[in-house]
Amino acid sequence: GTTDFLGYELYTATGRVNVLNTTNSIPYTGTGVASAVTVFGRVTAAQLALVKAGSYSDTVAMTVTYTP
């Protein structure tokens, strides 16, 4: 079969204004306990018209910088 790919960008907030990258990060102060940080994504409408409906998945690697 064929494989369809969706390009996307990740954002720091629900308004999807600031793309998550090396310039725009998510400031977070940890508490010493495992926690989740929400990241938001967006796929362009034009792209959606070109691919098949279905389930798409990806793995995203993040770098966490600790500053005492």
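The points below go from the whole chain to single residues.

1. This is a predicted model, in which local features need pLDDT of at least 70 and side-chain atom pairs count only at pLDDT 80 or more, whereas totals for chains, interfaces and linings use all residues. Residues are numbered from 1 along each chain as its sequence is written, and side-chain values use heavy atoms, with hydrogens and water left out.

2. Helices (H or I, at least four residues) and strands (E, at least two) are taken as DSSP runs and numbered from the N terminus.

3. The radius of gyration, taken over C-alpha atoms, is 15 Å for the protein, while a compact globule of 68 residues would have one near 11 Å. The globule rule behind that comparison is 2.2 Å times the number of residues to the power 0.38. Along the principal axes, the C-alpha atoms fill a box of roughly 50 × 25 × 20 Å.

4. Of the 68 residues, 7% are buried, where buried means under 20% relative accessible area, exposed means over 50%, and partly exposed lies in between (1.4 Å probe, protein chains only). The accessible surface of the protein comes to about 6,000 Å², with 56% of it belonging to carbon and sulfur atoms; such areas come from the Shrake-Rupley method with a 1.4 Å probe, and for residues only the protein chains shown count as cover.

5. Among contacts (heavy atoms within 4.5 Å) between residues at least 6 apart in sequence, 63% join residues at least 24 apart. Gln47, which belongs to helix H1 (residues 45-48), touches Phe5, Leu6 and Gly7 when residues up to four places away in sequence are not counted. Gln47 counts as buried because its relative accessible area is 19%.

6. Leu50 sits in the segment after H1 and is exposed, its relative accessible area being 74%.

7. Which residues are closest to the centre of the largest pocket? The largest pocket holds about 670 Å³ of space, and of its 18 lining residues the closest to the centre are Ser25, Ile26, Thr63, Val64 and Thr65. By class, the lining has 10 nonpolar, eight polar and no charged residues. Thr63 is in the segment after H1 and is exposed, with a relative accessible area of 73%.

8. On terms, a pocket is an open set of points on a 1 Å grid over the protein atoms alone, with protein on both sides within 12 Å along at least five of seven lines, and lining residues have an atom within 4 Å of a point. The volume is the space filled by probe spheres set on the points.

9. Arg16 deserves a check of its backbone: it has a positive phi of about 50° although it is not a glycine. Most residues other than glycine have a negative phi. Arg16 lies in the loop between strand S1 (9-11) and strand S2 (40-42), and it counts as partly exposed because its relative accessibility is 27%. Leaving aside neighbours within four places in sequence, Arg16 is in contact with Tyr11, Phe40, Gly41 and Arg42.

Terms used
On a 1 Å grid over the protein atoms alone, a cavity is a set of points where a 1.4 Å probe fits but cannot get out, and a pocket is an open set with protein on both sides within 12 Å along at least five of seven lines; lining residues have an atom within 4 Å of a point. Ala, Val, Leu, Ile, Met, Phe, Trp, Tyr, Cys and Pro count as nonpolar, Asp, Glu, Lys and Arg as charged, and the others, Gly among them, as polar.
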